[in-house]
Amino acid sequence: MTDTQTISGHLSEKDVKRLTQLTRGAMVGPTVVYYAGATAPIISAAMAMLVREAVRKVGMSDYWQWFISALIAAFAGIAWYLIFIRWSYRHTHGQGTEVALETRIVANKTGVIVARGDIETRIGWKSIRRVSVDRKSIAILVTGADAIVIPHKWFGKDKEARIAFADYLKEKATEYGS
């Protein structure tokens with residue numbers, strides 16, 4: 001086996017989605033949950049005040065004023081929370097160039113180099129947490145950075161090259177303490 005392994009290709013939308021799933025833990029971020037949770041009570045309180053005033057003017061008893069305004073306020077808060085969370089789903093994956101530009105991945109004795117367009121990222125072997133292989137891709141999980149996905153289709157029908165590349169990555173990552 002040579003001391004350098006190189007592979008390149010274009011990521012598909014599905015590959016970028018897989019990359020995103022490896023990197024992110026959820027479909028919505030913590031900020032979204034915070035703002036949805038912080039604004040839902042405000043919406044509820046505002047609805048309670050509006051509805052109570054409306055039913056008071058109609059002449060309903062105090063019991064019904066509080067009951068109806070509380071019920072509508074609760075539904076308004078729940079509805080707002082659910083709508084806000086739904087609006088905040090991350091529908092797109094990646095940052096735009098993952099699919100458009102070819103990605104080249106080089107693994108050598110110093111680490112892994114990922115190049116896309118004019119951007120080149122070097123990752124030392126000690127920063128690689130894990131290399132995993134599933135039925136569609138090789139995933140390189142990196143400490144302090146996004147994961148790297150190498151789709152099997154980049155190797156074409158050369159299964160031996162794919163296995164050799166994965167084995168080289170695993171060997172070097174293990175050798176340097178992942």
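Lys153 is placed in the loop that runs between β7 and α5. In this predicted model, the residue is partly exposed, its relative accessible area being 49%. Although Lys153 and Lys136 are 17 residues apart along the chain, their C-alpha atoms are separated by 7.8 Å. When neighbours within four places in sequence are left aside, the contacts of Lys153 are with His10, Ser12 and Asp15.

Ser12, Asp15 and Lys136 also belong to the surroundings of the second largest pocket. The volume of this pocket is about 250 Å³. Its lining comprises 12 residues, of which Ser12, Lys14, Asp15, Arg18 and Lys136 are the closest to the centre. Two elements, α1 (13-23) and β7 (148-151), each give two or more residues to the lining. The greatest contribution is that of α1, with 5 residues. Sorted by class, the lining holds 6 charged, 4 polar and 2 nonpolar residues.

Of the 178 residues in the protein, 34% are buried. Among contacts between residues at least 6 apart in sequence, 61% join residues that are at least 24 apart.

Helix α5 comprises residues 159-175. The buried residues of α5 are Arg162, Phe165, Ala166, Tyr168, Leu169, Lys172 and Ala173. Viewed down the helix axis, these buried residues fall within an arc of 155° and therefore line one face of α5. An α-helix has 3.6 residues a turn, so residues three or four places apart point the same way. On the face turned away from the buried side, α5 carries the exposed residues Lys159, Glu160 and Thr174. The buried residues of the helix pack against strands β1 (5-9), β2 (103-108), β3 (111-116), β5 (128-133), β6 (137-142) and β7.

Gln5 lies in strand β1 and counts as buried, because its relative accessibility is 12%, under the 20% cut-off. Beyond its neighbours within four places in sequence, Gln5 is in contact with Ala164, Phe165 and Tyr168, as well as with Ile105, Val106 and Ala107. Phe165 and Tyr168 are among the buried residues of α5. Another residue of this helix is Ala161, which is partly exposed, with a relative accessible area of 26%. The C-alpha atoms of Ala161 and Gln5 are separated by 9.4 Å, while the two residues are 156 residues apart along the chain.

Helix α3 was examined in a similar way. The helix comprises residues 62-87, and its 26 residues should span 38 Å at 1.5 Å a residue. Its end C-alpha atoms are 37 Å apart, in agreement with that expectation. Gln65, Ser69, Ala73, Ala76, Gly77, Phe84 and Ile85 are the buried residues of α3.

Terms used: Residues numbered from 1 in each chain as written. Predicted model: local features only at pLDDT ≥ 70, side-chain atom pairs only at ≥ 80, totals over all residues. Heavy atoms only, no water. 1 Å grid on protein atoms, 1.4 Å probe; cavity = no way out; pocket = protein on both sides within 12 Å on 5 of 7 lines; lining within 4 Å. Points joined across faces, edges and corners; volume = space filled by probe spheres on them. Helix = DSSP H or I, 4+ residues; strand = E, 2+ residues; numbered from the N terminus. Nonpolar A, V, L, I, M, F, W, Y, C, P; charged D, E, K, R; others polar. Expected span 1.5 Å × (residues − 1). Buried < 20%, exposed > 50% of the residue type's maximum accessible area, 1.4 Å probe, protein only. Arc of directions from axis to C-beta. Contact = heavy atoms within 4.5 Å.
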